[in-house]
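I'll jot down what I look up as I go.

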Amino acid sequence: MRRSFAGVWALAALVLAGCGTVEPGAGGVRAESLCPSKAPRYGEAPRDRPTATADAPRPPGTPTPVPSTTGTARDGVRITRLYAGAIDDEGVCRSSSLTAEFEVTNPAAHDMTYTVVFDAQGYTGASRVVGPVGPGRTLRGRVGMSRSYGDAAGGTSVSIMSVRSIPSAEAPAPGGPCPASGVRVYADRGDAAMGLRVVGLHLENCGKEPYAVEGRPELEIIDAEHERVEGVKVLPSAEVAQLGGPPDVARPLTLRPGERALSGIVWRNTVEAFDGAVNAPYLRVRARTDAAPVMVTPELDLGTTGRLGVQAWRKEE
């Protein structure tokens, strides 16, 4: 399974505090002691610790977080502090953890939802979904990472691996309250082998009325600048790869409340020229022509093939 399909790592739980002091590491920010100070909850401003700046007043002897020149700011996201350790659910200070504070600033004219992937040398990575973030607003968050298995030393720096942002109105809702449309549309983690990529698209009728679809979902490929990608052919999946399973035949389908349907996209990442390769992180999906759009992030690396296959909706047992 590719790193990009899985969102790279599982969502990390928020941690409430950290312990211990670590010297600065290359490419990150200095880890400092937080334990036993109270830390802000997700989305709150720090209650007893000001945002780290070079001239901010700090108690004597308190380590000062030092921003790095690389890896700590990307696409509106900035790591502001790094702490060694974390407090677990029993209130015990665990020195084998690393905690990072970060800020997400939205420059767009509408609410955006961000997925931020963090990495740290010697620790497991983490992914956080942040939002909605209003236009021009900044939202603070915290993320914790555990020591990698078999790594006794760990590292002292955290970097931002990737940032993905989608309009909050188009954010997928795989769980939680049913959307106003009465249906959920979302992508799974996907799979990859021998240059062939496959990502499932899921449709659930979580409303109170039957929901009819016919044929295949409608797709728009969106690049990293949130512009539509032209020149890629969207074809029945069999014209890109034979995936096995039931025949890929487009037919009318009605989902009763609680029922689900499954589609999927398939592509190859073959590159046969020096330029013209298409890499687009986003895909705007409509379950049917008049459906509200949902944007997913399959990280499309289409190479120079110019083709994306899509399966017809079929009932998911």
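Predicted model: local features only at pLDDT ≥ 70, side-chain atom pairs only at ≥ 80, totals over all residues.

**Around strand β18**

I started with the pairing of strand β13 (residues 218-222) and β18, which run antiparallel and are joined by five bridges.

I picked out individual partners next. Ile222 stands opposite Tyr282 in β18, and Glu220 has Arg284 in β18 as its bridge partner.

Then I went to the other neighbour. Strand β19 (residues 294-296) is joined to β18 by three bridges, again antiparallel. Here Leu283 sits opposite Val296 in β19.

Put together, I get an open sheet of three strands, ordered β13-β18-β19, with antiparallel pairing. β13 and β19 are at the edges with a single partner strand each, so one side of each has no neighbour in the sheet.

Is β18 (residues 282-286) enclosed or open? I counted four buried residues out of its five, so the rest of the structure largely encloses this strand.

**Leu283 and the cores**

I listed what Leu283 touches, skipping residues up to four places away in sequence. The list includes Leu219, Glu220 and Ile221, then Ile265, then Val294, Met295 and Val296, and it goes on to Pro298, Leu300 and Leu308.

That made me look up the cores. The largest nonpolar core holds 29 residues, and Leu283 is one of those with the most contacts inside it, along with Leu203, Ile221, Ile265 and Leu308. Apart from it lies another core, this one of 22 residues, with Tyr114, Ala120, Val130 and Val158 among them.

**A look at Val234**

I checked Val234, which is placed in strand β14 (residues 233-236). Which residues is Val234 in contact with, leaving aside its neighbours within four places in sequence? I found Leu219, Leu308 and Val310. Leu219 and Leu308 are also on the list for Leu283.

Val234 counts as partly exposed, at 39% relative accessibility. I also took a C-alpha distance: Val234 and Gly306 are 72 residues apart along the chain, and their C-alpha atoms are separated by 8.8 Å.

**The sheet around β5**

I moved on to another open sheet of three strands, in the order β6-β5-β8, with antiparallel pairing. Its edge strands are β6 (123-133) and β8 (158-167), each pairing on one side only.

Strand β5 (residues 112-120) pairs with β8 over nine bridges, in the antiparallel sense. I noted two facing pairs: Tyr114 is opposite Ser165 in β8, and Val116 has Val163 in β8 as its bridge partner.

On the other flank, β5 pairs with β6 over seven bridges, also antiparallel. Thr115 stands opposite Val129 in β6. The two strands β5 and β6 make a hairpin with two residues between them, and Gly122 in the turn has a positive phi of about 85°.

How many of the nine residues of β5 are buried? I get seven, so β5 is largely enclosed by the rest of the structure.

**The disulfide**

I searched for cysteine pairs and the count came to one disulfide. Cys178 and Cys206 form it, with their sulfur atoms 2.0 Å apart. The torsion about their S-S bond is about 75°, so the disulfide is right-handed.

Where do the two ends sit? Cys178 is in the loop between β8 and β9 (183-187), while Cys206 is in the loop between β11 (196-205) and β12 (211-214), so the pair ties together parts 28 residues apart in sequence. I looked up the accessibility of Cys178 too: its relative accessible area is 32%, so it falls in the partly exposed class.

**Whole-chain numbers**

The chain has zero helices and 22 strands. Of its 317 residues, 45% are buried.

For contacts with a separation of 6 or more, 71% come from residues 24 or more positions apart. The chain exposes about 16000 Å², and carbon and sulfur atoms supply 51% of that.

Key:
Residues numbered from 1 in each chain as written. Heavy atoms only, no water. Core = buried A, V, L, I, M, F, W, Y, C linked by side-chain atoms within 4.5 Å. Buried < 20%, exposed > 50% of the residue type's maximum accessible area, 1.4 Å probe, protein only. Contact = heavy atoms within 4.5 Å. Pairing = 2+ DSSP bridges. Disulfide = S-S within 2.5 Å. Areas by Shrake-Rupley, 256 points an atom, 1.4 Å probe, with all protein chains shown as cover.
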